[in-house]
Amino acid sequence: MAEHEDLTPEQLKAIAAANEEKESDINYKPPAQKSLQEIQELDKDDESLQKYKQALLGKAAVVADPTAPNVQVTRMTLLCETAPAPLILDLLGDLENFKKNPFTLKEGVEYRVKINFKVNKEIVSGLKYIQQTFRKGVKVDKTDYMVGSYGPRPDEEYEFLTTMEEAPKGMLARGTYNIKSKFTDDDKYDHLSWEWSLAIKKDWKD
């Protein structure tokens, strides 16, 4: 502040005004995000723009049920070629039951997780699938998957596949693993969180 001691009151006012202008630039806020319905209503008479918006957003309309969540995670599937039966979790049902009934997975097998979900009303940006794995209360792994951005498609489900994973193997690795899963986005909105368990065994029917 010492460098301003010899300035005239007029010069100080000019510096203050310049600083206020800089702060207003820094504090600039982008306009509010428009809803899908507002986007669809814009420039209705522009045929070429309407075709572009239809290609970008699809033919989806705002769903009739206003209480429906924008992102609805419907089920999770463990895809494993050697599994004797499908390993599917219905995420529209009783989520508390999953921890009591673990999936059995043979040690060392390769598998992928598939998530089915719907986007009902508005475009959603930066969807993420986060998976944390615990054994005996200790976190042994955490993986974040970038799912992407999606437009509304209430009558049709999207699918997301994780990269290939390998089940733990060896006598010390066998046992029950508790997994916390979350479907979130760039705004850190929790679309769905659920817990489930994996029982790693020497064979499918041990």
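This is a predicted model: local features need pLDDT of at least 70, side-chain atom pairs count only at pLDDT 80 or more; totals for chains, interfaces and linings use all residues.

Modeller: Let's start with Arg153: its charged end sits over the ring of Tyr158, at 3.9 Å from the ring's centre. Tyr158 also belongs to a cluster, where ring pairs link it with Phe117, Tyr150 and Phe183. Another charge-over-ring contact involves Lys180, which lies over the face of Phe134, 5.0 Å from the ring centre.

Now the rings themselves. The structure holds eight aromatic pairs. One of them is Tyr129 with Tyr145: the ring centres are 6.0 Å apart and the planes meet at 15°, under the 30 degrees cut-off, so this pair counts as stacked. Tyr129 is in strand β5 and Tyr145 in strand β6, so the contact ties together parts that lie 16 residues apart in sequence. Both Tyr129 and Tyr145 are buried.

β5 and β6 turn up again at the second largest pocket. Residues 124-135 make up β5 and 138-150 make up β6, and each of these strands supplies at least two residues of the lining, as do β8 (165-166), β9 (175-184) and β10 (192-201). The lining comes to 13 residues, with Tyr111, Thr133, Glu165, Glu166 and Pro168 lying nearest the pocket's centre. Sorted by class, that makes eight nonpolar, two polar and three charged residues. As for volume, the second largest pocket has about 200 Å³.

While we're on β10, have a look at Ser197, which is found in that strand. Ser197 has 1% relative accessibility, so it counts as buried, the cut-off being under 20%. Its C-alpha atom is separated by 9.9 Å from that of Arg135, although Ser197 and Arg135 are 62 residues apart along the chain.

Last, the strand pairing around β1. Strand β1 (residues 71-79) runs antiparallel to strand β4 (residues 110-119), and eight bridges join them. Within that pairing, Arg75 has Asn116 of β4 as its bridge partner. β1 also pairs with strand β2 (residues 87-90), again in the antiparallel sense, over four bridges.

Technical notes: Residues are numbered from 1 along each chain as its sequence is written. Side-chain values use heavy atoms; hydrogens and water are left out. On a 1 Å grid over the protein atoms alone, a cavity is a set of points where a 1.4 Å probe fits but cannot get out, and a pocket is an open set with protein on both sides within 12 Å along at least five of seven lines; lining residues have an atom within 4 Å of a point. Grid points are joined across faces, edges and corners, and a volume is the space filled by probe spheres set on the points. Ala, Val, Leu, Ile, Met, Phe, Trp, Tyr, Cys and Pro count as nonpolar, Asp, Glu, Lys and Arg as charged, and the others, Gly among them, as polar. Two strands pair if DSSP finds at least two bridges between them. Rings of Phe, Tyr and Trp (its six-membered ring) pair if their centres lie within 6.5 Å; planes under 30 degrees apart count as stacked, over 60 as edge-to-face and the rest as tilted. Buried means under 20% relative accessible area, exposed over 50%, partly exposed in between (1.4 Å probe, protein chains only). A charge sits over a ring if NZ of Lys or CZ of Arg is within 6 Å of the ring centre and within 35 degrees of the ring normal.
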